Amino acid sequence: MSVPTIVIGGGTSGLVAAIALARAGTKVILLEAGPGFGGVLRPIEFVPGYRALPMAGDPGWFPPEVARGIGLGLPEARDPVARIIAPVDGGEWLEIHADAKATAENLRRHSPADADAWPGFAARLHRLAGFLRTLYVSAPPRVDADRLDEMVGLLKLGRKLRSLGREEMVEVLRVVPMAVAELLDEWFQSDLLKGVVAADAVTDLCQGPCSGGTTFSLLHRQVGSDPGGYRIRGGTDPSALVTALVDQARRVGVDLRTDARVSRIAVDDYRVRSVVLASGEEIDCQEVVSTLDPYRSLLELVDPVWFDPALIHAVRNIRYRGAVSKVMVALDGLPPLPAGFDGRIALAPSIRYLERAYDATKYGRLSDAPYVEVRFPTIAHTEFAPAGKHVAVLHVQFTPYHLRDGDWDQLRDTVGNLALQVVGDRIPGFTELVRDRVVLTPLDIERDFGLREGAVSQGEMMLDQILFMRPIPGWSQYAMPVNGLYLAGSGTHPGGGIVGASAWLAAQAVLGGRR
Amino acid sequence: MSYDAIIIGGGHNGLVTAAYLARAGRRVLVLERRHLIGGAAVSEEVFPGFTFSVFSYVVSLLRPEIIRDLDLPRHGLQILPLESTVTPLDNGDYLAGWADPDQTRQEIARHSPLDAEATIEFGRMMHHMAMAVRPILGMIPPDPTSLAPSDLRGMLKLGTHMRSLGAERFHALYKLMTMSSADYLGEWFEFDPLKATKSASGIIGTFLGPRSPGSAYVLLHHYMGEIDGAFRAWGFAKGGTGSISNAIGRAAESFGATIRTNAAVAKVLTQGDRAVGVVLDSGEEIKAPLVVSGLDPRRTFLELVDPAALPTDLVDAVRRFKFRGSSGKVNLALSELPNFTCMPGVGPQHRGAFSISPSLDYLERAYDDAKYGEFSRSPYMDIVIPSMIDPGMAPPGKHVMSIFVQYAPYHLNGGWTDAKREAFGDAVVDTLTRYAPNLKSAILHRQVLTPVDIERITGLSEGNIFAGELALQQLFFLRPAAAWAKYRTPIRGYYQCGAGTHPGGGIMGASGRLAALKILADQ
């Protein structure tokens, strides 16, 4: 019997890596610490009878290249009714749809100039994000390439950039380092519209819309948008995706194990030898593919004696900076919403509001007036609550993991109250419907989901931590300096928000490493 | 008298261009709006007996090749070193950096032995980074979108240079281009006031806080003059920064250039798609086949010529170009030296700079005020006392103090008024008096300059001291606009040579020199 390859972590990344390797004829054992698969897309029964996927605000874009690569049908087309809405005074809603025309039609009621500008903006975003898209389905270009075959990536990158045409090539280079606030000021007038789009850009970052590089983040989230359209995060059904991946993993013969927490990766002479579980069981293996974050994978599971001090320094310097709390709310019904609504409510009245909310994190404080985003998972999944009842998930930003004063176990209720107050103030009728709530602080998210500092990105998606800088400069090709050890989670290129791409590319690196 | 070239604006870049063109045998006329040359690098006797470097006040970036080519020392340039930087701390102690690196390390070790050790490696890395950027500073930016042989050659040269750095240094350079100075310094140091004082270089002239991504590049920009490894290799020009401009002006004149002051240019004259001269505010017309603007991009493209005659993408790019002046200047005439509580008495510290940057939070709060349209209530300040180095700048026993202040946003809530200007000056003096209690009573005269004043006097749009922010999207081939970063403009015979072009910013002269080289190469 051949020695297996072990994949650590049963989230989408782990599942994709396991499937890809198994399909290539490798014997794969997938180890998940918890009782079920899906990682951050795992449902929680937070109040008896009420369930939610608190971390599934954006399951991410699933590249067709990856779907094909693991023999899965393309994910279902996104729900065309999904949209982002924001309350306007007087019971009206500003709405952003995937379809630019529908968005423009709604904007016309609030700001005619912005309605005219929107289709051009969406089309431009789509094309610029299209450039990132090509980068996201291959390993990061190697800046240290010294062989011709390694330079192919760089040359391809240059060619792709040129193929955008002169104007848009300049535009990519110009806007990527910009603050999203500056970009939006170039296009729009409405504070509310700018606030809502800026919120999309800074979601899950510990940055405000005036921080340089947040335009990159906006483009990153638009990767996978339809031509001329705007990608609405949360449009894909995360539960269906996880089910499909687990089924496929079984079908291709992956040995799926739950409740199998890894406590150590044993290394011998710079080569992985085995994985030791918390239960004491030791499994010999030829490769280990870890989808846990780089810090955990490299500095906690492996004896640091095998690494160069410079690498350890670099791993310690990865910025995680989780700044998001989630509040799961059991509701007696839905507040008044636009007809046929599914999607998210963004409570970001302006760029200034968001920036002020972010300012608090610089001083290690919780925002007094946080950005809150509301989803109602029970609109699509009535089974998540008892008949007639509903669930809301509040995404609350900014609540920094690193607090200067106080600790998260004491501030849990403060965040819950604050978030409910913000929602209650903006969405009439909401407060009366609240039955119960459970708060997940960044510390809870770290504990419950194994996300370092509560950061879903496994390393903040900012310009200095992407591409060949991810997870750390010089080690962006998935293979780590210990032979047989690979990283495959969101902490590697292309990072969070792109389902399975890191894992798919890591699996290619594993297979390539055997040659 | 007829001229081959007219230079609009007698700032230091315009003068450098003039000198290089004259040196190449061209008949050059420099037209300066004010009564003296220098632009933002001027020395003026603002109060009787007290001479100030009114705006720009220290120098380290001036390109050595310019000093050499123009033989500036012969024309009176004399740079006197700044010997130290002292940061008063909130606990009454201080953090000092001295000219001697060993002394600096010992001082830092007093606060953090780890940081003292890191200083050596950090200095080495920044030295390599400055060396890595140096060839780029001397390069006419190639257009990456162009397939012209000269651009492809330029890109190849750039690519080869980048590869020659090796992966480690390339990564470090990439980090400097994208990170915040606080994060970048956080990878090296632990002592907060040290990080704050170093990060201050990353915010100067920029509407960013030390925690804003992008500020690390400005840090590097200011490090370029520090390549001899000293903690702070900045210096004063004897007689103030105006003497740098005067030296360049004299060099230009020695090559035959003519300089006219009190000659404000109203418009560039064109004929078809060619520049043929200028018309002054007075109505006087002066013809020349070559016109070079040393003014910032907004004035160069939107005021001196008719924007309707320019391609719309260029006009859009210039309209979007960020100025956002963020700094002010307070110049004080003093009856005695300030006595800093953290380092009492008069000593070598007065021959250096004082940096009011006690913590990263302090700087960040100062930025937060400006972000929401107010001047900083407790601002960052970089303070020098030029009369300690050059006694000629003040009457015997008296002193001049130059205070660079940030942040003072050009777009102040409600706009700048005389009352707001005074309130801003008071905030500066009050803050400083907390560290040097005798300061307030020692003030004989005070000049407060807001970004609006800087704009009015020097002509720099929105009072931006770099003639346009040094943001990543405004550098190199995007400075000031894509396809127009090579000193040319769409109007034949009309060129740009100010700090709004690559590499821009500071008393550097590199833009002026590269523009001259480009003009000469084109002819």
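Helices (H or I, at least four residues) and strands (E, at least two) are DSSP runs, numbered from the N terminus. On that count, chain B holds 17 helices and 19 strands. The model is predicted: local features need pLDDT of at least 70, side-chain atom pairs count only at pLDDT 80 or more, and totals for chains, interfaces and linings use all residues. Residues are numbered from 1 along each chain as its sequence is written, while chains are lettered from A and ligands numbered from 1 in the order in which they are written.

**Figure 1. Overview of chain B.**
The C-alpha trace of chain B spans about 65 × 55 × 50 Å along its principal axes. Of the 523 residues in chain B, 57% are buried. A residue is buried if 20 or more other C-beta atoms lie within 10 Å of its own, exposed if 12 or fewer, and partly exposed in between; C-beta atoms are placed from the backbone. Among contacts in chain B between residues at least 6 apart in sequence, 72% join residues at least 24 apart. Two residues are in contact if their C-beta atoms, placed from the backbone, lie within 7 Å.

**Figure 2. Overview of chain A.**
Chain A has 17 helices and 17 strands. Its C-alpha trace spans about 70 × 55 × 45 Å along the principal axes. For 515 residues, a compact globule would have a radius of gyration near 24 Å; the 22 Å of chain A agrees. Buried residues make up 56% of the 515 in chain A. Of the contacts in chain A with a separation of 6 or more, 72% are between residues 24 or more positions apart.

**Figure 3. The side of chain B that touches chain A.**
Here 23 residues of chain B are in contact with 25 residues of chain A. Helix 6 (167–178) and helix 13 (360–371) of chain B are the elements that give two or more residues to this side. Helix 6 of chain B supplies the largest share, 6 residues. By class, this side of chain B has 8 nonpolar, 6 polar and 9 charged residues. Ala, Val, Leu, Ile, Met, Phe, Trp, Tyr, Cys and Pro count as nonpolar, Asp, Glu, Lys and Arg as charged, and the others, Gly among them, as polar.

**Figure 4. Helix 4 crossing helix 6 in chain B.**
The axes of helix 4 (residues 113–137) and helix 6 of chain B come within 10 Å and cross at roughly 85°. That makes helix 4 of chain B roughly perpendicular to helix 6 of chain B. Angles of 65 to 115 degrees count as roughly perpendicular, under 35 as roughly parallel, over 145 as roughly antiparallel and the rest as oblique. Axes are lines fitted to C-alpha atoms, for helices over the stretch in contact, and angles run from 0 to 180 degrees between N-to-C directions. M125(B), H128(B), M129(B) and A132(B) of helix 4 meet R169(B), A172(B), L173(B) and L176(B) of helix 6. The contact has 6 nonpolar, 1 polar and 1 charged residues.

**Figure 5. Helix 4 crossing helix 9 in chain A.**
Helix 4 (residues 112–136) and helix 9 of chain A have axes that come within 8 Å and cross at roughly 85°. Helix 4 of chain A is therefore roughly perpendicular to helix 9 of chain A. Helix 4 contributes L125(A), H126(A), L128(A), A129(A) and L132(A); helix 9 contributes L219(A), H220(A) and Q222(A). These residues divide into 5 nonpolar, 3 polar and no charged.

**Figure 6. Surroundings of helix 7 in chain A.**
V180(A), A181(A), E182(A), L183(A) and L184(A) are buried in helix 7 (residues 180–187) of chain A. The buried residues of helix 7 pack against helix 6 (166–175), helix 8 (191–202), helix 9 (214–222) and helix 13 (351–362) of chain A.

Two strands pair if DSSP finds at least two bridges between them. In strand 5 (residues 82–88) of chain A, 5 of the 7 residues are buried. Strand 5 runs parallel to strand 13 (residues 342–347) of chain A, joined by 4 bridges. A82(A) has D342(A) as its bridge partner, and R83(A) has G343(A). Strand 5 runs antiparallel to strand 6 (residues 92–97) of chain A, joined by 6 bridges. I85(A) has E95(A) as its bridge partner in strand 6. The hairpin of strands 5 and 6 of chain A has 3 residues between the strands, and G90(A) takes a positive phi near 90° there.

Notes
Rg over C-alpha atoms; globule rule 2.2 N^0.38 Å.
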